2 protein chains.
Amino acid sequence: MVVGIVSYGHTKFGVLKQDTPDLIKEAMDGCLKNVEKGISPKEIDCVIVSCVDNAFSEQHQTGTLAWEYLGNPDAYGFKVESACVSGSMAIYLGKNMIERGEAKNVLVVGFEKMNKFGTDRVTEFLTHGSSPEERKYGITQPGAYALLIRLYAQKYDVTEDDWADISIKNHKNAFRNPWAHFHKDITKEGVMNSRMIADPIRLFHCSTISDGAASVLLSADPKKYTDTPVFIKGMGVAHDYLLAIEREDPTFLLCSKRAADQAYKEAGRSPKDVDIVEVHDAFTPVEPMCYEALGLAKKGEGAKLVREGVVMFDG
Amino acid sequence: MVVGIVSYGHTKFGVLKQDTPDLIKEAMDGCLKNVEKGISPKEIDCVIVSCVDNAFSEQHQTGTLAWEYLGNPDAYGFKVESACVSGSMAIYLGKNMIERGEAKNVLVVGFEKMNKFGTDRVTEFLTHGSSPEERKYGITQPGAYALLIRLYAQKYDVTEDDWADISIKNHKNAFRNPWAHFHKDITKEGVMNSRMIADPIRLFHCSTISDGAASVLLSADPKKYTDTPVFIKGMGVAHDYLLAIEREDPTFLLCSKRAADQAYKEAGRSPKDVDIVEVHDAFTPVEPMCYEALGLAKKGEGAKLVREGVVMFDG
């Protein structure tokens, strides 16, 4: 059986007035309304919510809240946290529940409410994702990524020019997304002169502190709900050591490769079959590393895909 | 197939020096060592960790840390949060994964590290479990429970005497548990004169701010690992509205009844077959309500079980 995504809901991303419960509700309501052929809450067996860290949302009953908003007393809800892959992990669990016959329809909701706090507190909360050993030395997320990026840049042919081009590409793509936090035409000069955050990471290389929520409805019987489901042909999950120096090669995202290989295998596909890729982009310079891990470029050649325009929207 | 618990691990509960990662490791190591016939990490497919709220643990990569401590690269880990039922929810998900053939063996680890903070901050963090509506009015967990308990005490025949007897019973039971936070012989006078926290809740009616971790190993093939597994014959999950006034009868724990009914049904058992009960005891006066929800007593007659000694260790 191939699980299908039959609907989605979305709030805007940005500095929002709504708090966590309202964001969850808005994303859920949208998703339920968007079901082409309609659905009753009674048909949904489980709601899985996810976020990076409750420290942001200040609300730890979000599974129960989502259950309330769904309106099916026989369903149940819970929350999954797996740092930056929380949303994917929630979808993975929902997909497995359906594939194994535990549920017919699962609603998955991801949310973040970060803009209650100043940058200092947000940075502090994000260090909760670091290894305990690194935290002892006071390292922050931009600091940890900066060290990784320096190592990668020393080893391979990648420049500040490439990073600027990636930032520009991503900001351009955002114009096609009405819910994006920024709709901003940025220049190469603008990126390369933007404020230094943690050398060599500049402001325009950083993902932003943002509020928002999104949801998808997974189904065992997708055609019942829409004529155009998106089938999940393959997924994979893998980990690597939190402490970068324990990794085989810190400049290669081995866990992303292992997860991607699982997904390719399950789907019976290879990197050559891929038309659209969305990668985790906490910091722009990591994007070429992601291309390499996904098998789209050889080791150290991720930036080539940017230079050759392969990863551009019409590339 | 009936999933079995084949091993467990435990830290002491109390004001501990160890931080979250060490607590998780200790509970996991103990569980793996306690497997009577031995087990290799390669045989464990998934580690599920759980806690009430990351605000306490200040560590949101605990799923990955548990994966590291396990030592099986092909396994995966994630964290579940469902407020006070986080641990049970993690076991429920692990049991389902095994029953549906997604995993053979799942390690479940629960942890809390609360004693980094003073009582004020802990109380603040615990309000994150309240409904958004109640939080607006500044209500705390003891405050919310106090209102509920007052309502119950007005409606039914339950007294401060009963609550004291429950506290005394629970403290007595703790002497049989080498890992318990307190080993303290308390008197009726001591309970009834202890400091008022939120009328009618007194200090000795409150569960304490504690650090600790525990783990269980669930298996599809329990006899392979021990001759004396504990079989999970039935489990249930249900929710009720966070806002007490939206509930059918705030003095009756309908969600506990619905979850218990599911478990009884799955196990083919009834309340009469139950020998040992462990209930959620955030505040002592809630214990009689739990008895009623589990079908062990009629509505309003939970306290009778204490008076008649039925719920005493040798009752």
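**Copies and helix packing**

Modeller: Chain B can be laid on chain A with an RMSD of 0.0 Å, by a turn of 180 degrees and a shift of 0.0 Å along the axis, where copies are superposed by least squares on the C-alpha atoms of residues with pLDDT of at least 70 in both. The two copies are thus related as by a two-fold rotation axis. The same surface serves both copies, since 100% of the contact residues of chain B recur in chain A, contact meaning heavy atoms within 4.5 Å. This is a predicted model, in which local features need pLDDT of at least 70 and side-chain atom pairs count only at pLDDT 80 or more, while totals for chains, interfaces and linings use all residues. Residues are numbered from 1 along each chain as its sequence is written, chains are lettered from A and ligands numbered from 1 in the order in which they are written, and side-chain values use heavy atoms, with hydrogens and water left out.

Colleague: At what angle do the axes of helix H1 and helix H3 of chain A cross?

Modeller: Axes are lines fitted to C-alpha atoms, for helices over the stretch in contact, and angles run from 0 to 180 degrees between N-to-C directions. Here the axes of H1 (residues 20-33) and H3 (residues 62-70) of chain A come within 10 Å and cross at roughly 40 degrees. That makes H1(A) oblique to H3(A) (angles under 35 degrees count as roughly parallel, over 145 as roughly antiparallel, 65 to 115 as roughly perpendicular and the rest as oblique).

Colleague: Which residues of H1(A) and H3(A) meet?

Modeller: Among them are A:Ile24, A:Met28 and A:Leu32 in H1(A), which meet residues including A:Leu65 and A:Tyr69 in H3(A).

Key. Helices (H or I, at least four residues) and strands (E, at least two) are DSSP runs, numbered from the N terminus.
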